[in-house]
Amino acid sequence: MLKVTVDGVEVFVEKGSTVLQACEAVGVEIPRFCYHERLSIAGNCRMCLVEIEKTPKPVASCAMPTMNGMKIFTDTPLVKKAREAVLEFLLLNHPLDCPICDQGGECDLQDQALAFGSDRTRYFETKRGVEDKNCGPLIKTIMTRCIHCTRCVRFATEVAGVEDLGTTGRGRETEIGTYVEKVFGSELSGNVIDLCPVGALTSKPYAFMARPWELRSTESIDISDSVGSNIRIDSRGTEILRILPRFNESVNEEWISDKARFGYDGLRYQRLDTPHIRQYVYEDGKKVSKLCEASWEEAFQKIRYAMESCDRWQVGGIVGDLVDSESAFAFKDFFQRLGSPNVSCEEESFLSDNLPSTYSFNSTIAALEEADLVLLVGVNTRYEAAMVNTRLRKRYLEGCVSIGSIGPVQDLTYPVEHLGFGTKTLYNIASGRHPFCKRLAQASNPIIICGSSVFGNNGEYNSNISLNNNLLSSLKANIPNLITPSWSGFSVLSKNCNDVGLRDIGLSSWSKAPTFASEPERIKVLYLLGADEIDPYKDTYDFPYSQEPLDTFIIYQGHHMDRNASSADVILPGLAFTEKRALYMNTEGRPQETNPVFKGRTLMREAWKILRALSEVIPFMEPLPYDTQDELRSKLYGSSPSFVSKGSVQRTTSFEGVVENLPDYFAYNRHSGLGSIVIPDFYMTNAITRNSKVMAECSATYGNRSNFLKNPKPWVMKNLKK
């Protein structure tokens, strides 16, 4: 530790700390534009100047390391004059358009000009003008306002891993742009809007919409992927105007993906705001079916008649990807009281449900920074979980780490050693016949990350017991540090926002449901709770009701008129995640809560309330025993204690079950491929984003970026040539 003095106050700081960090340690705020805690030091704005004893002139505190016995002064006349001069230079060419700037009210330049600047200007010459750049459908540029802090350039290069932004020219002629005219091709591009200290980079969808003091902020979480990024939703009245990231060091740090930031406009379109029932009418002499608006009583009565006309075990239910934990628990409870075992989630997977450690991201996202070797198995982290990929890139930049992958070749923004395409490579690694196995054995903190597609129906399941035993013994012998009492290096990266929560509740994949695939009689009544990613009429799913789909009575409950809603016989309108208080569990097993931004439309209801009311109508079932959400949560906590600790991960005390189940996971056809792209379009992954105009424009602009190979890096081309 080093002892330094800041304005007469002594403080001890770690060796290697900067003067700026020492000042912040004693509570002295140093103004800055270019400095950011998560980016490299540039030292080019000179706003953080301070005076140090025995130095002839002010120094940039962000770039000056501390030394033992250093005396720092932050409030001397010399420092005040230096900061005033810096601001005067920055404002020489800055346009006077604060009244029309979207950054107004949140602008660092405004705040610091008021606190540290002069009250008048001495510059009356012509100001510089800069041509605006086209960075795509998300970022609006007014480059005349740019003060060349280079935060956006450093973010693109260091965090996003896309070297599209840079500087050209010198001095007065310096400009920031994309060198040649092109869009900013990154799934994290919207974060430069938050980083920009002035109004040079702003949000296109939010342009001229509101001032920050008009907005009401609500803390929530993102449900576009399995990470559960912490977000802040800003709204005015009954309209969401923007989404910003919230700081959470354990989950998303302070970044979010473009899908989480800009997909909110999908909540405005194609909403289900009233119950509908299918009726047959005559048009031009032909009998056609139409979905007509109805009351809740009419919709419930039609469901009652349908359920009374069949046996209880002929009623089936499927839970969708965006369903919260309370609604899923009530849905399962509904079917248990109905007497039907045919309830499942729509994600197809052969994962074991015995232990949470067998389907969770056990290493946790933050612990990726401690890994010294990572093996990606059938997963595209950049595509399926952008925040996980950001952590892996951060770990790569720190050095002393090897990253290998089995599956399709992909550009993950950092070098990856491609080992093979199928399970044969995985068996060779586990049995010690692959060169990569030696590095796995020598690693102190190895991590194997498996994608959800690995456990889908991508090969023939092989149940040879001797083969499994050989694989088990090979894993224990060749990767001794993969799973220890203090380290769990086996992680499953879920695809959807609440997959882990659904499994904790006890909802399995339909492929493992008791009677979905084995019952000789078909399902006559199918209840879809927000299930849009599955086609109930498709023969490849082997659903019993696919034989005679026209006779199957389909109930759809959700918040958007999406894929399966148009084919339903009864539609029940629910609330989206921005309109209710609900629990979601991310891929780590971390329960987090959303909060209502505003109330839903008149006839919309929470999913569990609809199920509670419906249970009163059906005569041959016992009504659900909870009338409030607190009562429902107490039942949920009793059934699944992992939901009690909101915001934290309950680490399992036993990892042995993971090792025992590994052979079952990989006992597919040894020559099958791994990791087929399960999401055809990064910007169109759920009912909300599919109804978003902004996401549709991104999808068209970036060309359905399915594996981010539009402009592959040299190491990607090397793997492709193999």
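**A buried arginine, a helix and a cavity**

I begin with a pair of side chains: those of Arg-633 and Glu-593 are joined by a polar contact of 2.8 Å. Please bear in mind that what you see is a predicted model.

Where does Arg-633 sit? Its place is in helix 16, which runs over residues 629-639. Is Arg-633 buried or exposed? Its relative accessibility is 4%, and because buried means under 20%, Arg-633 counts as buried.

Which residues does Arg-633 touch, if we leave aside those up to four places away in sequence? They are Glu-326, Arg-581, Ala-582, Leu-583, Glu-593 and Lys-646.

The protein has 722 residues, of which 59% count as buried. Its secondary structure comprises 20 helices and 28 strands. Among the contacts with a separation of 6 or more, 72% are made by residues 24 or more positions apart.

My second topic is helix 7. This helix spans residues 296-308, 13 residues in total. From its first C-alpha to its last, helix 7 reaches 18 Å, close to the 18 Å expected at 1.5 Å a residue.

Which residues of helix 7 are buried? They are Trp-296, Ala-299, Phe-300, Ile-303, Ala-306 and Met-307. Why do they lie on the same side of helix 7? They do so because they cover an arc of only 120° around the axis. On the face of helix 7 turned away from the buried side, we find the exposed residues Glu-297 and Tyr-305.

The largest cavity holds about 260 Å³ of space. It is lined by 27 residues, and the closest to its centre are Leu-322, Val-323, Gly-530, Gly-558 and His-559.

Two or more residues of this lining come from each of strand 25 (553-558) and helix 18 (687-690). Strand 25 gives the most to the lining of the largest cavity, with 3 residues.

Thank you for your attention.

How values were computed. Residues are numbered from 1 along each chain as its sequence is written. This is a predicted model: local features need pLDDT of at least 70, side-chain atom pairs count only at pLDDT 80 or more; totals for chains, interfaces and linings use all residues. Side-chain values use heavy atoms; hydrogens and water are left out. Helices (H or I, at least four residues) and strands (E, at least two) are DSSP runs, numbered from the N terminus. Buried means under 20% relative accessible area, exposed over 50%, partly exposed in between (1.4 Å probe, protein chains only). A polar contact is a pair of N or O atoms within 3.5 Å; within protein, one must be able to donate a hydrogen and the other to accept it, and residues adjacent in sequence count only if both atoms are side-chain atoms. Contact means heavy atoms within 4.5 Å. The expected span of a helix is 1.5 Å times one less than its number of residues. The arc is that of the directions from the helix axis to the C-beta atoms. On a 1 Å grid over the protein atoms alone, a cavity is a set of points where a 1.4 Å probe fits but cannot get out, and a pocket is an open set with protein on both sides within 12 Å along at least five of seven lines; lining residues have an atom within 4 Å of a point. Grid points are joined across faces, edges and corners, and a volume is the space filled by probe spheres set on the points.
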